[in-house]
Amino acid sequence: MIQAVLFDLDGTLADTAPDLGYALNCMRAARSLPLLPLATTRPYTSLGARGLLDVGLDVTPAHPDYDALRDEFLDIYADNLCRETRLFEGVTELLAELERRAVLWGVVTNKAERYTFPLLELLGVRSRAACIIGGDTTGRIKPDPAPLLAAIERIGIAPQHCVYLGDDRRDMEAGRAAGMKVIVAGFGYLNGNDPETWDADGIIDRPQDLLRYL
C-alpha cells in the first residue's frame, strides 16, 4: 500500500522553465546576444544552471569562467523565482486528493534549499509538504539515493510504501536505488530523452493520472 508520494520539483511539481529561461536571457542580453525562446531552453531545465549555461552560453563546468557565470545566473534566478513559475495544471487537485486520502507527500529536488524553500512558499505549498529535501540537504544529489532515503526517514515511511515521481532519468535511478516505485512525469522536461528507456514503473501524461497507481 502506498503511504507517501515524493515529487521532484522542476518539471514535475512546478513548471519553472520560464523563470530559469528568463535568468539565462538576462545574461544573454547583457552580452548583446539574442534572446532564446522558451522552446529552446525548456528541455534543459531539469539540468539546472549547468544545462542552461551550456545551451545558452556554450559554457560547461570545464570552462575557466564557469563558476562565476553560474553564480551570476543563480543570483538573477534568486531574484526572479516566481515571475511565471506555476504548479503544473492538475497538481493542485492531485495534492488535495492525496491529503484527502491521508497519503503523505513531499519534495526531493536537486535544487538548493535557498531556492527550494522560498519557491515552495511562493507557490503556497511549503507548509503542506511532509518533508522537503534540497540538493544540499544531504551533501549528495540524485541519482544518488541519499536524498530520497533522507526523505523517507523524516516521514517514517518504508521505501516500498513510497512512490517517487520525476521527469529525469536520474530521478528513476535514485528512486530505484532507494527501493521505491518510480513513475515518470511525462508532462515534464525529460531532458530531450525517451522515458520509455528509463525502466520506470509507469509514465503519466497528467498529474492526476498518478492516482491510478495508488
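In which helix is Glu97 found? Glu97 lies in helix α5, which spans residues 91-100; helices (H or I, at least four residues) and strands (E, at least two) are DSSP runs, numbered from the N terminus. The model is predicted, so that local features need pLDDT of at least 70 and side-chain atom pairs count only at pLDDT 80 or more, while totals for chains, interfaces and linings use all residues. Residues are numbered from 1 along each chain as its sequence is written, and side-chain values use heavy atoms, with hydrogens and water left out.

Glu97 is buried, with a relative accessible area of 17% (buried means under 20%, exposed over 50%, partly exposed in between; 1.4 Å probe, protein chains only). Glu97 forms a salt bridge with Arg100, the closest N and O atoms being 2.7 Å apart; a salt bridge places a side-chain nitrogen of Lys or Arg within 4 Å of a carboxyl oxygen of Asp or Glu. Both residues belong to helix α5 and are three residues apart, about one turn of the helix. Arg100 is exposed, at 62% relative accessibility.

By this rule, 16 salt bridges are counted. One of them joins the side chains of Asp8 and Lys142 (3.0 Å, N to O). This pair links distant parts of the chain, 134 residues apart, with Asp8 in the loop between β1 (4-7) and β2 (14-15) and Lys142 in the loop between β5 (132-133) and α7 (146-155). Asp8 is buried at 6% relative accessibility, and Lys142 is buried at 3%. Asp8, Lys142 and Asp171 are linked in a network of salt bridges.
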